[in-house]
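Thank you all for coming.

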Amino acid sequence: MFSVEEINDPAVRALLTAVNAGDREGFFAAMSADATLSDDGNEQNPTQWADQEIFNAGGRMDAVISQTDDGRSLIADYRNDLYGQMRTAWNFEVADGKVTRIEAGQA
């Protein structure tokens, strides 16, 4: 188990550091302008999803259980005020130093 600061991929690390800091601006700065997102296989609007699941709900990645694909695939303990604590799986695509796709879901 380790912290967000120990994630290998710098773009993913920046995005999740912003999540834990409640830094909405930093979160979107770490993403490409045309980034896409799915949650449990359902396509979502990234802005609406982030506001609902993270920034308006006290979202936080408490611990990273494992990382593969050089830090672009994670199993982590995530919590927010909507659903409480849950084990989650995260897959990220990155291009030119920005996150271009997030696939999040329960692990």
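What you see is a predicted model, in which local features need pLDDT of at least 70 and side-chain atom pairs count only at pLDDT 80 or more, while totals for chains, interfaces and linings use all residues. Residues are numbered from 1 along each chain as its sequence is written, and side-chain values use heavy atoms, with hydrogens and water left out.

By these classes, the lining of the largest pocket has six nonpolar, four polar and three charged residues. A pocket here is an open set of points on a 1 Å grid over the protein atoms alone, where a 1.4 Å probe fits, with protein on both sides within 12 Å along at least five of seven lines, and lining residues have an atom within 4 Å of a point. Of the 13 lining residues, Asp39, Glu53, Tyr83, Met86 and Thr88 lie nearest the centre of the largest pocket.

In what order do the six strands lie? The open sheet runs E2-E1-E6-E5-E4-E3, with mixed pairing, where two strands pair if DSSP finds at least two bridges between them. Strand E2 (42-44) and strand E3 (60-68) are the edge strands, each pairing on one side only.

E4 and E5 pair in the antiparallel sense over eight bridges, and Arg79 stands opposite Gln85 in E5. E3 and E4 are also antiparallel, over seven bridges, with Ser66 opposite Ile75 in E4; in their hairpin, which has four residues between the strands, Asp69 takes a positive phi near 55°.

Finally, the structure holds seven salt bridges, each a side-chain nitrogen of Lys or Arg within 4 Å of a carboxyl oxygen of Asp or Glu. One of them joins Glu43 and Arg101, whose closest N and O atoms are 2.7 Å apart. Because Glu43 lies in strand E2 and Arg101 in strand E6, the pair ties together parts that are 58 residues apart in sequence.

Technical notes:
Nonpolar A, V, L, I, M, F, W, Y, C, P; charged D, E, K, R; others polar. Helix = DSSP H or I, 4+ residues; strand = E, 2+ residues; numbered from the N terminus.
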